[in-house]
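Thank you for asking me to look at this entry; my notes follow as numbered points.

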Amino acid sequence: MPGVQRPAAPARPRTRMVLNAFLYGVGHHTSGWRHPDSAVERVGEIAYLEELAQLAERGGLDAVFLADGQSVNHEYAAGIPWMLEPITALTAMARATRHIGLVSTVSSTFSTPFTAARLLASLDHISGGRVGMNVVTSMFDAEAQNHDMPELPPHAERYARAEEFLAATSALWASWDADAIVADRASGRFLDPAKIRPVGHAGAHFRVAGPLSVPRSPQGRPVIFQAGSSATGRAFAARHAEAIYSVSWDRGQALAYAGDLRERIGQAGRDPGAVGILPGLVTYVGRTRAEALEKKRALDAHLDVPAALAQLTMFTGVEYSAHGLDEPVAPLPPADTFSGPQGRYLTVQRIIETAEPTLRELLGFLAAGGGHATMIGSAEEVADEMEAWFRAGACDGFNLMCPSFPDGLEDVVELVVPILVERGLFRADYEPGETLRERLTPA
Ligand SMILES: Cc1cc2nc3c(=O)[nH]c(=O)nc-3n(C[C@H](O)[C@H](O)[C@H](O)COP(=O)(O)O)c2cc1C
């Protein structure tokens, strides 16, 4: 594809995990905000996000990641995880940190290439090369209705637009050479016009003349993350993603996903070892397993059953309000009968098939992370399980989804990370001046 620069192929396979912190409201447990000790009063405060980014940086994590949604669901009682627009929030967080990567979710369905490219190039400058872009095609009609659309465009159409969005933004990021600014006082020559090129993108969805109005940023372009799980989403990730956020309930599912993606990446002519596959991971960590289980119980105690049922309906399209809470849940129909995001649907399907839960048990599994892997135990036990996934090739690291902040992230940073470092599975320190892309490239 014109304008897209490929990351350099790695010399060696990955020996160390990538660990990103997915910051999300006061935590990934949907009812955690009701806990007496939750940070719910601070959720819209930038100082709160800055402190979380500093905490993640104290643990040497690779990046913080912000999700995004562009509508409010009045019926959904799980709180609002994104009270600040993510690129704006990450810009403040960039100034409050020095090393950690800053990954923003960007909707290719609702963004225009020029505005997105400009914002992210600016943030890459402001942060000294620490930016990532998680390209999503968005999930809800309510979001579309805030953007001049009666409903979301069909899935295939959204991915066609995403493809073009990435082509156009990539061309914009490539429109300035690194040495385009001459700034020679003596000759009066500020720019070298030959080093700033028009883009001339004309496609089905966008027309962009270019060049970008922001000079080339430290990384040239953000590190591209992707989180789609459908066949179309996987093909898109295989062509473009430098790191992939995935949903895997268990190690077997993660292995199958990673195998499929690595094969697709190879078929797309890229090095599968260069793309980090990062499943979401919910952790309950204590000094003992009993303490970890108690942390989970304290959060589950606040589970709001009607809200949890609404979330389940959102994930599956199936109405459960008349279903007995202690009755087993029937298997879901084939995924291709569901028009919403496929990833979550397939995960719920997997939980139902493998755990054969009652409705109440299913809601408990979904309350934190919506079916992402969940590891519960002492720091040693959680580190053991993370190591087992990594060594089995089921992942290249994790997208950490702590059920509550800041305590859940403190547990990872203070208890789990030191064990991983000691085992040589995670970096001990940041390399000064390293960009996010350099850090994520296997070494
Ligand atoms: C870890 C993770 C985070 C995600 N974050 C977002 C998000 O913030 N906003 C969003 O609209 N979709 C998000 N998604 C969903 C998908 O990326 C997105 O809806 C996708 O484009 C739908 O494609 P699919 O049908 O291929 O899954 C996320 C998915 C995962 C696994």
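Where in the chain is serine 138 found? Serine 138 sits in the loop between β4 (131-136) and α4 (141-144), where helices (H or I, at least four residues) and strands (E, at least two) are DSSP runs, numbered from the N terminus.

1. Basis of the notes. This is a predicted model, in which local features need pLDDT of at least 70 and side-chain atom pairs count only at pLDDT 80 or more, while totals for chains, interfaces and linings use all residues. Residues are numbered from 1 along each chain as its sequence is written.

2. Two residues with positive phi. Serine 138 has a phi near 75°, a positive value in a residue other than glycine, and serine 138 counts as buried because it has 23 C-beta neighbours inside 10 Å. Burial here is judged from C-beta atoms placed from the backbone: a residue is buried if 20 or more other C-beta atoms lie within 10 Å of its own, exposed if 12 or fewer, and partly exposed in between. Aspartate 148, also not a glycine, has a positive phi of about 70° and lies in the loop between α4 and α5 (155-173). Aspartate 148 is exposed, because 7 other C-beta atoms lie within 10 Å.

3. Overall form. The chain has 14 helices and 13 strands, and its C-alpha atoms fill a box of roughly 80 × 50 × 45 Å, taken along the principal axes. The radius of gyration of the chain is 22 Å, which agrees with the value near 22 Å for a compact globule of 443 residues; this radius is taken over C-alpha atoms, and the globule rule is 2.2 Å times the number of residues to the power 0.38. Buried residues make up 47% of the 443 residues. Among contacts with a separation of 6 or more, 78% come from residues 24 or more positions apart, a contact being a pair of residues whose C-beta atoms, placed from the backbone, lie within 7 Å.

4. Domains. The chain is divided into domain 1 (18-175 + 211-291 + 371-440) and domain 2 (304-366), with bounds that come from an automatic or database domain assignment. The centres of the two domains, taken over C-alpha atoms, are separated by 24 Å, and 15 residues of domain 1 are in contact with 18 residues of domain 2. The side of domain 1 that touches domain 2 has six nonpolar, seven polar and two charged residues; Ala, Val, Leu, Ile, Met, Phe, Trp, Tyr, Cys and Pro count as nonpolar, Asp, Glu, Lys and Arg as charged, and the others, Gly among them, as polar.

5. Of the 22 residues around the ligand, Ala67, Ala227, Gly228, Ser230 and Gly233 come nearest, where a residue is near a molecule or strand if its C-beta atom, placed from the backbone, lies within 6 Å of it. The shell draws at least three residues from each of domain 1 and domain 2, and β3 (101-107), α6 (231-240) and α10 (342-355) each supply at least two. By class, the shell has seven nonpolar, 14 polar and one charged residues.

6. In α6, the buried residues are Gly233, Arg234, Phe236, Ala237, Ala238 and His240, and their cover includes α5, β9, β10 (243-246) and α7 (251-267). In helix α11 (residues 359-366), the buried residues are Leu362, Leu363, Phe365 and Leu366. These residues are on the same side of α11 because they cover an arc of only 160° around the axis, the arc being that of the directions from the helix axis to the C-beta atoms. What covers them includes α9 (305-316) and α10.

7. A buried strand position. Alanine 63 is found in strand β2 (residues 63-66) and is buried, because 28 other C-beta atoms lie within 10 Å. Leaving aside neighbours within four places in sequence, the contacts of alanine 63 include Ile100, Leu102, Val103 and Leu436. Alanine 63 and alanine 21, which are 42 residues apart in sequence, are 6.4 Å apart in space, C-alpha to C-alpha.

8. Cis peptide bonds. The bond from glycine 210 to proline 211 is cis, with omega near -5°, and proline 211 lies in the loop between β8 (207-208) and β9 (223-226). The bond from phenylalanine 405 to proline 406 is cis, with omega near -5°, and proline 406 is in the loop between β13 (397-400) and α13 (407-422).

Notes:
Contact = placed C-beta atoms within 7 Å.
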